[in-house]
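Hi,

Here is the structure I promised to send over.

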Amino acid sequence: MADEQVKTEALQIMGVFQVLPRLVVFDLDYTLWPFYCECRSKREMPSMYPQAKGILYALKDKGIDVAIASRSPTADTARTFLDKLSIKSMFVAQEIFSSWTHKTDHFQRIHSRTGVPFNSMLFFDDENRNIQAVSKMGVTSILVGKGVNLGALREGLTRFSQNRKASEKNKQKWMNKYSKKADTSNNDG
């Protein structure tokens, strides 16, 4: 499926949702591309998963920022590959560094750089430990099996929408409870 066709389908998928993330964050290895950077040479021409580039284009067209959170020990190779694929400039944040923190440091930096709250982010990664750790921060996180694709995008947007609705319900319950207490305390006077 060509990038333009994937972009069109991704835009159709996004059109179904009333609430969209402000920022979508991607891992690199086995999420945007089918290899580990440290096992490749900078001289090679990298390739992406078939639907990844079209999804990136669709997100940008929709005005949704994209970022990278990668624990690659070869950040220079990763950046070279992003350049060769002509997608480096698409990302508002590129946190590519080796870490033992399951990407929580990456997300702290992305949040500091963009100002986007964690609950307004959507994250795609191929490692469950990263999904678990980042989810605890409030980020809607989706485990991908064979790279990011339209099915993963749909799943991510569905889960993001559900999380936002649940968050709004909890906020409303809290506001109602708090305002009732405030009302009763004012009547005591």
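Keep in mind that this is a predicted model. I started with the cysteines. The sulfur of Cys37 has its closest cysteine sulfur in Cys39, 9.2 Å away, which is too far for a bond. A disulfide would need the two sulfur atoms within 2.5 Å, so Cys39 is in no disulfide either, with the sulfur of Cys37 as its nearest at 9.2 Å. A search of the whole structure comes back with zero disulfides.

Next, a pair of helices. α1 covers residues 3-15 and α2 covers residues 52-61. They pack with their axes 7 Å apart and at an angle of about 50 degrees, so α1 and α2 count as oblique to each other. The crossing of α1 past α2 is right-handed. On the α1 side, the contact is made by Asp3, Val6, Lys7, Ala10, Leu11 and Met14; on the α2 side, by Lys53, Gly54, Ile55, Tyr57, Ala58, Leu59 and Asp61. Sorted by type, the residues of this contact are eight nonpolar, one polar and four charged.

You'll find Ser161 in helix α6, which runs over residues 150-187. Ser161 is buried, since its relative accessible area is 11% and the cut-off for buried is under 20%. Val19 is 142 residues away from Ser161 in sequence, yet their C-alpha atoms are 6.0 Å apart in space.

Cheers

How values were computed. Residues numbered from 1 in each chain as written. Predicted model: local features only at pLDDT ≥ 70, side-chain atom pairs only at ≥ 80, totals over all residues. Heavy atoms only, no water. Helix = DSSP H or I, 4+ residues; strand = E, 2+ residues; numbered from the N terminus. Buried < 20%, exposed > 50% of the residue type's maximum accessible area, 1.4 Å probe, protein only. Axes fitted to C-alpha atoms, helices over the stretch in contact; angles between N-to-C directions. Parallel < 35°, antiparallel > 145°, perpendicular 65-115°, else oblique. Left-handed = near helix turned anticlockwise from the far one by under 90°. Contact = heavy atoms within 4.5 Å. Nonpolar A, V, L, I, M, F, W, Y, C, P; charged D, E, K, R; others polar.
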